[in-house]
Structures are given as C-alpha cells and as structure tokens.
Amino acid sequence: MPTIQITGGRIIDPSQDIDQIGDVWISGGRIVPSDGGHDHADVVVDARGKIVCPGLIDVHVHLREPGQEEDETIATGAAAALAGGVTSVACMPNTLPPIDTQAAAEFVVLQGRRAKQANVFPVGCVSKGRKGEELAGLGQLVAGGAVAFTDDGAPVSNAGLMRRALEYSKMFDLVIMQHCQVMELTVGGVMNEGFESMRLGLGGMPAAAEDIMVARDIRLAEITGGRLHIQHISTARAVELVREGKRRGIRVTAEACPHHFTLTDEKLRSFDSNFKMNPPLRTADDVAAVIEGLKDGTIEILCTDHAPHAREKKMRELDQAPFGIVGLETLLPMTVTYLIEPGHLTWSEAIRKLTINAANLINLKNKGSLRPGADADVTVIDPSTTWTIQANQFRSKSWNTPYDGWEVRGRAHTVIVHGEVRHTLGGIVQESAASA
C-alpha cells in the first residue's frame, strides 16, 4: 500500500474535536501520526482550500443485490457511494432473498470486497424472511458480518417480536433499526395525508402512523434497555418523542435524510414519482422540526435511504410506482447547501453526523476518525465548488432523484479507502517526485 500525504487541508475530525489546517499521513492502510518524521510519500494530495475529514458513513442504503440487480448491484452502489464521498455503507436486508442467515450476510461482505469500492456492511433481518413472525438467528447474522438488525422496507409490527429483538440484541450490543410505520393506517397511501393529498385526490399516509410506532418502540426500548434507532424520521411529533426519550435516558437514536429536510408534500403537485417516498414528504412544519432536531442533537445521524429503482419502474403511474429515491451521490451537497450554508449546522456538526456518530451506531470501532491507527478512510471535500446535479451522470445504476438539475455547493474531491485513492474528481492527486 502507498504512503499518502494529504497536505495543507482544513482537517475536521469531530471524534477528536479537531478543526485546523495541517497534513494527514497514511501508511499501510492506517492513519499515522503527522509528526512521525516522514520524509517520503508515494502519493501527495494537495488539499489546500479543501476540507479533509474521516470518510463519510451512510447507515441506511439499499443495494438490491441479490434479487433486483436491474436496480442496483453491490458494486454499482458502492461506486456511487465513493462518488458521493461515502467510504462505508450499511446495506438493508430487504433483498431477494432477505439477509436473514449467516450465509446471506457473508455473501454481501464477499461481494463488497470483490467490488473494491466503498466498504459494505450488511444489516441483518430482525425476523425470518422479514415476515414479522419469528425472530431471525441474530447470532448467526453477527457471525456473518451483520452490524445491526432491521426489517426495513417494512416495520416490525408485532410488539412482542420487537420486544424480544431489543432484548436479544443486547447480547451483541447491536442496534435495532426501525422503519416506524403502523401499516394499518397507511393502506393505499401514496403521500402525506393532509391538505395536499385531499386537494390532489391521492391516498394519504398520516403522520400519526409514524408517531404511534415511534412512541411504542421508545417505550419498548425503555423496558428492555435495548438500543433503538429510528430510521428516516419525518414528522414533528416523532422528533419530539425522540427528544423526550433522550431526556429520560432511553437508548434511542435517530437519523434524517436530505429529502425530509429539503422537500415538502407540495412537490407531489407535479405527480412526479421522484417525489414519492416512504415515509412520505411531509409539511413545512415537519421539515422545520427535522431541521431543529438536527440542530439540537436530537437527530444525530445524516444518511440517505438510498433506494434505487430502474427507470421503467419509476415511470409507472404515481400510485403504481415504487417508493424511494437514490441519494448516495447527493447526500453531501444537499447537506452543504441546505444545512451548512444557511447556518443550521457548522461543518464540524454536520461531519460528526456523517462520520463518528454513524460509526458508533453500528459499532465500527476503527472508522469515523482520523486518529492514528484508525482505518485510512478519508474524504477530501471541495466546500466552495458550485455544480449542477445531473442524474444521467450518476455512478448508481438508477437515476431516480428529485434533485436532477438542482444547483448545489460542495462535492467530494478525493476519496481514500483502506489507504488507497479510489475516487478523484481529477487534478489534485500527484505522484511525488521521489516515486515518479
């Protein structure tokens, strides 16, 4: 592995409360001390005017393999992650078949290694077959490489099963991720239930469907002592419930996705299926509550819910099209443009939610930090560049994004994984004179 010097960048590492100009050195796939007497680098990355931070980690990604490779594969999804500055992804188990066995988890790990793009970590099912009836073999999933458990794509509706999952997962100190939705309240729903759904004549999904499940699961986390993570939080009341749970010392965390802090249900007036998500786009008051939750730390993680769908699937009529959008290649610029630039979050606060908080959630002990000895996963960000999102240039196999044509700021410039430069925007990676 080459010795790499990243020189002259603004180093932001929230895990060490570092925000300073300096150099980062990499050797043998690890971060090494910058004052270690280095006299030679095989590769020099000129990061002047750039931000150097731990590699971004996305804890909520759908990679579709096995079973729906027409939408995405592990290789294409991991490549899309790199293009977005993301060095590690946790992929959801709603594949065909689901990731509910040790062998299924091992398959994901193996395919991720073969792809040699971003790191890929499987999240195992809570229930066998994601049927919500019987607990999956959590220990076997951990042996296969699972870093958390969820039935995402659907909630764990059975309260008894959810209670047992929270209890058993304590044996491994792994988190249960929950897609919070009372399914009986959202049957036939296409968008948020409210004025817009009534005006458009489309089936609604009430905010209460999310709020009720969040309240139930926080109470279950309280009585079990298990770790609960609320996925893609979208309603004002759910944010408040998480805030209240934290005040009572319950082990609950939450994540937010860019579409839930940038878009409202008014976008469905276009009948464009790229605005159809689950949970759906909510009201302006909900968006404001999500942003406030990010500001005060109630929501400690930013992620994507990257949900690729082939074009022919998203081109169906709105009520027939699948839910979800891609997000790996737009997470960073949407965070910069709509959270950092308006002053909702500082750079350090945003990077914390994209790195060390995400690493801690899924127990990635050597990631999310630039401390010496940590895995050499590094993202170099150009914070000032302005560019236009063009979906047809995505590395992802699918292009279903509502942000096509949007002008944004900030972009991943160089991405290093395991001490190897695996993505550059071009121009700043140089072979040192000594090694040329």
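## Helix packing and parallel sheets in a predicted model

The axes of helix H11 (residues 331–340) and helix H12 (residues 347–354) come within 11 Å of each other and cross at roughly 145°. Axes here are lines fitted to C-alpha atoms, for helices over the stretch in contact, and angles run from 0 to 180 degrees between N-to-C directions. The model is predicted: local features need pLDDT of at least 70, side-chain atom pairs count only at pLDDT 80 or more, and totals for chains, interfaces and linings use all residues. Residues are numbered from 1 along each chain as its sequence is written, and side-chain values use heavy atoms, with hydrogens and water left out. Helices (H or I, at least four residues) and strands (E, at least two) are DSSP runs, numbered from the N terminus.

H11 passes H12 in a right-handed crossing; a crossing is right-handed if the near helix is turned clockwise from the far one by less than a right angle, and left-handed if anticlockwise. Leu331, Thr335, Val336 and Ile340 of H11 meet Trp347, Ala350 and Leu354 of H12, where contact means heavy atoms within 4.5 Å. By class, this contact of H11 with H12 has six nonpolar, one polar and no charged residues. Ala, Val, Leu, Ile, Met, Phe, Trp, Tyr, Cys and Pro count as nonpolar, Asp, Glu, Lys and Arg as charged, and the others, Gly among them, as polar.

### The sheet E6-E7-E8

Three strands form an open sheet in the order E6-E7-E8, with parallel pairing; two strands pair if DSSP finds at least two bridges between them. Strand E6 (56–61) and E8 are at the edges with a single partner strand each, so one side of each has no neighbour in the sheet. From one strand to the next, the twist averages 20°. E6 and E7 run parallel and are joined by four bridges, and leucine 56 has valine 86 in E7 as its bridge partner. Helix H2 (residues 102–115) packs on this sheet and touches E7 and E8, its direction making about 175° with that of E8.

Strand E7 (residues 86–91) also pairs with E8 in the parallel sense, over four bridges. Here serine 88 has asparagine 119 of E8 as its bridge partner. In a regular strand the side chains alternate between the two faces of the sheet. In strand E8 (residues 119–122), Asn119 and Phe121 point one way and Val120 and Pro122 the other way, and all are buried. Buried means under 20% relative accessible area, exposed over 50%, and partly exposed in between (1.4 Å probe, protein chains only).

### The sheet E9-E12-E13-E14

A four-stranded open sheet has the order E9-E12-E13-E14, again with parallel pairing. Its edge strands, E9 (176–178) and E14 (301–302), each pair on one side only. E9 and strand E12 (residues 228–230) are parallel over three bridges, and glutamine 178 stands opposite isoleucine 230 in E12. Helix H7 (residues 236–247) lies across E12 and strand E13 (252–256), running at about 150° to E13.

### Backbone features in loops

| Site | Feature | Value |
|---|---|---|
| glutamate 65 to proline 66 | cis peptide bond | omega near 10° |
| leucine 96 to proline 97 | cis peptide bond | omega near 5° |
| aspartate 173 | positive phi | near 50° |
| histidine 232 | positive phi | near 30° |

Proline 66 is in the loop between E6 and helix H1 (74–83), and proline 97 is in the loop between E7 and H2. Aspartate 173 is in the loop between helix H4 (159–169) and E9; because its relative accessibility is 34%, aspartate 173 counts as partly exposed. Histidine 232 is in the loop between E12 and H7, and at 2% relative accessibility histidine 232 counts as buried.
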